[in-house]
Amino acid sequence: MKFPAHPQIATIPEAAFYNYRLGVIFDGYKWDLQAGEQSTIGPHVVLLERDTLDFLAESAVALYHETVAMEQALRTQPELRQRMGISDALTDALRGCNYDPAAHLRLMRFDFHPTVAQIQSVTDGDRLKNSLDWRVSEVNSDVPAGYPEASVLPRLAAPFFDGYASAVCFGEVLAERYTRLLPRGGTIAFLHDTHTVEDYQILRYVGDILEKRGFRAVYVDPCHVQWERGVPKGIDAIHRHYPMEWMEYAPDTDWRAFVNTDVPSCNHPAALLTQSKRLPLVWDALGVNIPTWRRFLPETVCPTHYKNNCAAPWILKPAFGRVGQGINVPGTVSDDENRAIEQAARAQPLQWVAQRRFESAPINGLHLGLGVFVIDGIFAGLFGRVSSHPRLDSEATEVPVLVKTTHNMPEDRSDTRGR
């Protein structure tokens, strides 16, 4: 197995960081920079070699196609969906919907982590040596975030690092896909939780790009959408940044209308089928060839199995958790929090998974995760998150990713596809 070059973590010069931070706020749509007492923007930048970018992009695109294949298989096997923690009401609605993937945009983000691997070194007397490998902790299949981080932040950081540049601008790739799907002048409704600025700032970045291309953007809560015979009034496309498992409980919201409408969506509610972290529990029953997933995802089992193997290095994760919430990585949670997580998993095992823990490889003392985007099978950029501990939660720092330039580097890598 060929291991790609190690990523590096560099630092923006101290004298330049103040202006960089201002640029992140005003050009990068990062108006809310705090998670509790922790700033989510720091001076670090991830530097990748070209072969590492190729490896991540090609792997993510392969994972995308395998995920879409599993999504299609799950639509015809509702009994498997119930094993994934999806409610009976959502299971019935998704089984009966008329979903044509080609009529919608499909957006996913795969979270890669550099890990410690042991390889045989022929030049060193066949001794085991530590090297760098990669693991994928999950796919954000339903409502992935990180739009400005994968678009604007690399452009702001690139001037400080000679020989490095942005890989792909996520926002431009997404806007181009909308242009292919929707006539100019159409109105796109950006659905989000309107009680906070966090989601709005993410969506406003893409909305501004699309408005420059002749579209109209509106920012609404799901309950604001009015329906008439399966069509949302005044809306030509729906960009949903509101988790589908929340929609069922959103007040005054006709969530079934979002499932059944033919109006183009990014993402269609069917994306929920592969959002659950219990998806690996039904792999063998799906009849889908998924070699890339089996290569990258650590062994995942039901918590009832984990309870009988407590001596193994397992962690617990909520089936529909986000940004590291509820994950009991050793050394990152208190004893009380760990007990609460284990009790919750025992009480509701269908809402949890146990996953074999991998050994995160710190780089300059920081643990790194790279979120790699794919849209409609096209590599669409990436961004990083770093933390002093191996659990990358809401207090992790968001960092841009730059790629080493070469003389034969293509102008645009947005055509990278799986094979």
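Predicted model: local features only at pLDDT ≥ 70, side-chain atom pairs only at ≥ 80, totals over all residues.

A salt bridge, as the term is used here, is a side-chain nitrogen of Lys or Arg within 4 Å of a carboxyl oxygen of Asp or Glu.

I begin with Arg106, which forms a salt bridge with Glu71; their closest N and O atoms are 2.7 Å apart. Arg106 lies in the loop between helix 4 and strand 5, and Glu71 belongs to helix 2, so the pair ties together parts that are 35 residues apart in sequence. Both Arg106 and Glu71 are buried.

Which residue forms a salt bridge with Lys30? The partner is Glu398, with 2.6 Å between the closest N and O atoms. Glu398 sits in strand 19 and Lys30 in the loop between helix 1 and strand 2, so this pair ties together parts that are 368 residues apart in sequence. Glu398 and Lys30 are both buried.

A further salt bridge joins the side chains of Arg177 and Glu176, at 3.8 Å from N to O. Is Arg177 buried or exposed? Arg177 counts as buried because its relative accessibility is 15%, under the cut-off of 20%. Glu176, at 26%, counts as partly exposed. Salt bridges with shared partners join Glu176, Arg177, Arg180 and Asp376 into one network.

Four strands form an open sheet in the order 9-8-12-13, with parallel pairing. The edge strands, each pairing on one side only, are strand 9, residues 216–220, and strand 13, residues 265–266. Strand 13 pairs with strand 12, residues 237–240, in the parallel sense over 2 bridges. Within this part of the sheet, His239 stands opposite Cys266 of strand 13.

Two helices accompany these strands. Helix 6, residues 170–181, lies across strands 8, 12 and 13, and runs at about 150 degrees to strand 12. Helix 7, residues 197–212, packs on the sheet and touches strands 8, 9 and 12; its direction makes about 165 degrees with that of strand 9.

Finally, I come to the surface. Tyr18, Leu22 and Phe26 form a nonpolar patch there, with about 370 Å² of accessible area together. Leu22 is part of helix 1, which spans residues 14–26. With a relative accessibility of 30%, Leu22 counts as partly exposed.

Definitions and conventions:
Residues numbered from 1 in each chain as written. Heavy atoms only, no water. Pairing = 2+ DSSP bridges. Contact = heavy atoms within 4.5 Å. Axes fitted to C-alpha atoms, helices over the stretch in contact; angles between N-to-C directions. Patch = residues over 30% accessible without salt bridge, like charges linked within 9 Å, V, L, I, M, F, W, Y side chains within 5 Å. Areas by Shrake-Rupley, 256 points an atom, 1.4 Å probe, with all protein chains shown as cover. Buried < 20%, exposed > 50% of the residue type's maximum accessible area, 1.4 Å probe, protein only.
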